[in-house]
Amino acid sequence: MTPVRRRAAIDEIFHEDAVFYDLKGGIFRGQDEIDRIAGVLKATHPDFEYQPLFPPEELGDAGRVSMGIWRSRQTTSLRRETDFIVARNGRIASLYLFFDNLP
C-alpha cells in the first residue's frame, strides 16, 4: 500500500482522535500519529506480509482479527498478532495490538 493510499484509509476508518496502543511500541494518538507509526512499521519490515488467519469477529462496538505475519515468498508464519478494535459511530476509536506467542 502506498503512503497516500494508507493515509486515505486512515482518514476514512479512524476517528480524528483515535488511539493506537502497541504493546511494544507505545501509544499513538490521532490520525497523523497513526499514519506516521504505520509508515515507520512498514519501513522497518518492508518485506512482511499480513494475512488474516480467521474471519474478523465483531461484538457490539468491538472487534478483533488474528493475523499471520510472513516474509515475502516464505510459507512459515514468523509470528501472529491479534488486533482488538473499539468503534464509535462506525469508525475506529481505539486499536490494540498484541503479539501472540508461537509454539
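Which residue stands opposite Gly63 in S6? Gly63 stands opposite Ile85. The views below show a predicted model, in which local features need pLDDT of at least 70, side-chain atom pairs count only at pLDDT 80 or more, and totals for chains, interfaces and linings use all residues. Residues are numbered from 1 along each chain as its sequence is written, and side-chain values use heavy atoms, with hydrogens and water left out.

**View 1. Strand S5 and its pairing with S6.** S5 covers residues 62-71 and S6 covers residues 79-88; strands are DSSP runs of E with at least two residues, helices are runs of H or I with at least four, and both are numbered from the N terminus. The two strands run antiparallel and are joined by 8 bridges; strands pair if DSSP finds at least two bridges between them. Of the 10 residues of S5, 7 are buried, so the strand is largely enclosed by the rest of the structure. Buried means under 20% relative accessible area, exposed over 50%, and partly exposed in between, with a 1.4 Å probe and protein chains only.

**View 2. S3 and S4 against S5.** S3 is antiparallel to S5, with 5 bridges joining them. Pro52 has Met67 in S5 as its bridge partner. S4 also runs antiparallel to S5, through 3 bridges, and Glu58 stands opposite Gly63. The hairpin of S4 and S5 has 2 residues between the strands, and Gly60 takes a positive phi near 65° there.

**View 3. The largest pocket.** This pocket holds about 1,400 Å³ of space. It is lined by 39 residues, and the closest to its centre are Ala38, Tyr50, Glu81, Asp83 and Leu95. A pocket is an open set of points on a 1 Å grid over the protein atoms alone where a 1.4 Å probe fits, with protein on both sides within 12 Å along at least five of seven lines; lining residues have an atom within 4 Å of a point. Grid points are joined across faces, edges and corners, and the volume is the space filled by probe spheres set on them. S5 gives the most to the lining, with 6 residues. The lining divides into 24 nonpolar, 4 polar and 11 charged residues; Ala, Val, Leu, Ile, Met, Phe, Trp, Tyr, Cys and Pro count as nonpolar, Asp, Glu, Lys and Arg as charged, and the others, Gly among them, as polar.

**View 4. Arg6 in helix H1.** Arg6 lies in helix H1 and counts as buried because its relative accessibility is 17%. Leaving aside neighbours within four places in sequence, Arg6 is in contact (heavy atoms within 4.5 Å) with Met1, Asp35, Ala38 and Gly39.
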